[in-house]
Amino acid sequence: MTKFGEHFEKSLLDLSLEATFGALTSASLTKDTIDAIVVSNMLSDTLSGQGHLGALISGSLGLTVEAFRVEGACASGGIAVKKAVDMLKAGTHKNILVLGVEKMCDHSSSETTQALTNASDAEKEAFYGITFPGLYAMMARRYFYEYQIGQAELAAVSVKNHYHGARNKKAHFPKEISEKVAMTSSKIADPLRLFDCSPISDGAAALVLSSHEPQSQRKPVRIVGSSIATDSVSLQERKSLTSIKAAELAGKRAYIEAGISSNDVDVAEVHDCFTIAEILALEDLGFFKRGTAGYATMQKKTYYDQEMPINTSGGLKSCGHPVGATGVKQVVEITEQLQGTAEGRQVDNPQYGLTHNVGGSGATCAVHILTNTL
Amino acid sequence: MKIGIISYGAYIPKYRVTTEEIAGVWGKNAEEIARGLFVSEKSVPGLDEDTITIAHEASRQALDRVAFNPRHVDALFVGSESHPYAVKPSSVTVAKALGVGTDYYTADLEFACKAGSAGMQIVSSFVSSKKARTGLAIGADTAQGKPGDALEYTAAAGGAAFLIGSDDYEHIATIDDYVSYTSDTPDFWRSKHGKYPHHAERFTGKPAYFKHIFGATTYYLEKNNYSPSDFDSVIFHMPNGKFPRTVARALGFTEDQLSDSLVVDFIGNTYSGSSLLGLARVLDSAKPGDRILMTSYGSGSGSDTFSFTVTDAIEKMQTGVTVNDYIEDKIYLSYGEYAKHVGTVN
């Protein structure tokens, strides 16, 4: 993956090629071994006037393989990984490049925020002026009401993710923050403050998924459970504001396919687009009981060296959130954890890892379970 | 032939509007904004003031301090991004009001906030080439702050003038060298018929301000084999209180070296007047032998670096009205009065 951050001097293609060659190198493969490319990206049409990304990447690599783009808002990355898995299972391809990339920083924040509302319901939500901080703020307010938590629980998520991100060279904001800074930062959409919100970032992450034994010397990592579930795009049509059903379902199905339960997961990357989203994720995935994940975070249970390591990459908050790249980055981070190469934030001997990637306010969720056991 | 500063003058309008007052109108948290920008109030031009009147006031002070015969001014350049006319130079009106005569070189300058320092380079060159005995280089602005925009808190009014001449005249500081670092970087711009400028938000930082200030300053230091510790004072362009402090630290200058220059903390960003007012304030309390480094920045983008060595003659100059006197002479306006003064309402 590239470093996530402001890359004013790099284009979408520059970032894509950087991540791609990084993945090929670590897989000890040349580009000619790639027989399909799945690209994950959300905003390229809207912000850059560039569609047709599959061919753009394939052609730029000098290849003529099957290549296409998938989109599911912020879940595009997790979806792209699933499509590669499906294609490998179907036996039609052997070495698939999965590339997630996003360029969002070249625009004013109001332009980018506007473009991001494509992930909401245009007629029922965006039309009335909602933005994503607003949607998740409503979820946070309801969660505060139902479970009697407050600002401090949200801040704990942000502080932890920055703690991890400070140990990740690729993070957009590799800097620790204090609880005080998080809790006194400016209000974005009450009760969400600046430090409750993931940033706007440029970046790319790439993986090579193969159906044969790996060439490289690194420990082999396999995807043993993959699931995508959906629910209404609009928040108002969901059954609950304090849980994301698509995440619950995708998680359950992935656990079944992998033959494990939430207790077996040693490390997870979850979709903390806003701090409240991490709290919901922990409960939706069964790591903590409903209403308790905030408190568990305050008790530091989700630090990399504690009982349930969450977002060792720094999450979306500290590592950054180039939308299309995030879901792929999550798999990159879990792979590094399972291979023992997550320097500075290495979980002790993990065997199973999980990625949880959400689109919009919970309309899509893609979950993958990875293992280094044979 | 050594060229140097013979005299200097400054002018800051007396009106002020606070960050708190502006933030209150837009429903923002004033304390947070003031903390982020290091600016709690800014200068506002009077109803009859503009770049021409400000440039004139500053120039008049420069001439009067040394009882200078305006007929010896052979070049005069006003640099601004708020010249009252798109066509008709501010410089000629200032020159006429000062009594400069007719035999002088002049034109108006624009390069965002570095038009004043560009004027200093041009005047220095006219003097070095012996085409001019002395010249006035002025940076002055009544900056346009779009209501509700982030820049509204810092877009201020003010200016400074430097009378530069050959060594036939007594110098209060010699001009040792100057360099420029320039590129095509659209971080901030105002179109031909636009009332307010546009800016590319965060893009005005790393690839713009910091890149050019670094570029010019390090080029200057390397070229002349100096390091930051060789200077007693340093001045950087001040779009807010945070940027000059950050760039000073990054380049290896200390807070002590920077502190005298920081007019921005009290009056905001006077655009073409910014680094020049910083220099004026440093000269107000400089000691003979002090070495001063100044790097301006203009969006679009470019930076000019100058270095000066203060002479014994500075002490005679340190009487009369100082930049601090202008800073402290103030009247506060409500947002409505401020809007009237800057032409938002008329």
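In this predicted model, strand S1 (residues 36-40) of chain A runs parallel to S2(A), and the two strands are joined by 5 bridges. Within this pairing, Val38(A) has Phe68(A) of S2(A) as its bridge partner. Strands of a sheet pair through backbone hydrogen bonds, in either a parallel or an antiparallel manner. Both strands belong to an open sheet of 4 strands in chain A, whose order is S2-S1-S3-S6 and whose pairing is mixed. The edges of this sheet are formed by strand S2 (66-70) and strand S6 (203-210) of chain A, each of which pairs on one side only. From one strand to the next, the twist averages 15°. Helix H3 (residues 53-60) of chain A packs on the sheet, where it touches S1, S2 and strand S3 (95-102) of chain A, and the direction of the helix makes about 140° with that of S2(A).

Chain A as a whole contains 13 helices and 10 strands. Its radius of gyration is 19 Å, close to the 21 Å that the globule rule gives for 374 residues, and chain A is therefore as compact as a globular protein of that length. The C-alpha trace of chain A spans about 55 × 45 × 35 Å along its principal axes. Of the 374 residues in chain A, 59% are buried. When contacts in chain A between residues at least 6 apart in sequence are considered, 77% of them join residues at least 24 apart.

In soluble globular proteins, nonpolar side chains tend to be buried together. The largest nonpolar core in the model comprises 120 residues, and those with the most contacts inside it are Val98(A), Leu99(A), Tyr136(A), Ala206(A), Ile276(A), Val328(A) and Cys365(A). For Tyr136(A), when residues up to four places away in sequence are left out, the residues touched are Leu192(A), Cys273(A), Phe274(A), Ile276(A), Ala277(A) and Ser361(A). Another core, of 104 residues, lies apart from the largest one and includes Val44(B), Tyr153(B), Ile175(B) and Leu283(B).

Between the two chains, contact involves 6 residues of chain B and 5 residues of chain A. The side of chain B that touches chain A consists, by class, of 2 nonpolar, 1 polar and 3 charged residues.

Key. Residues are numbered from 1 along each chain as its sequence is written. Chains are lettered from A and ligands numbered from 1 in the order in which they are written. This is a predicted model: local features need pLDDT of at least 70, side-chain atom pairs count only at pLDDT 80 or more; totals for chains, interfaces and linings use all residues. Two residues are in contact if their C-beta atoms, placed from the backbone, lie within 7 Å. Ala, Val, Leu, Ile, Met, Phe, Trp, Tyr, Cys and Pro count as nonpolar, Asp, Glu, Lys and Arg as charged, and the others, Gly among them, as polar. The radius of gyration is taken over C-alpha atoms; the globule rule is 2.2 Å times the number of residues to the power 0.38. A residue is buried if 20 or more other C-beta atoms lie within 10 Å of its own, exposed if 12 or fewer, and partly exposed in between; C-beta atoms are placed from the backbone. A nonpolar core is a set of buried Ala, Val, Leu, Ile, Met, Phe, Trp, Tyr and Cys residues joined through C-beta atoms within 7 Å. Two strands pair if DSSP finds at least two bridges between them. Axes are lines fitted to C-alpha atoms, for helices over the stretch in contact, and angles run from 0 to 180 degrees between N-to-C directions.
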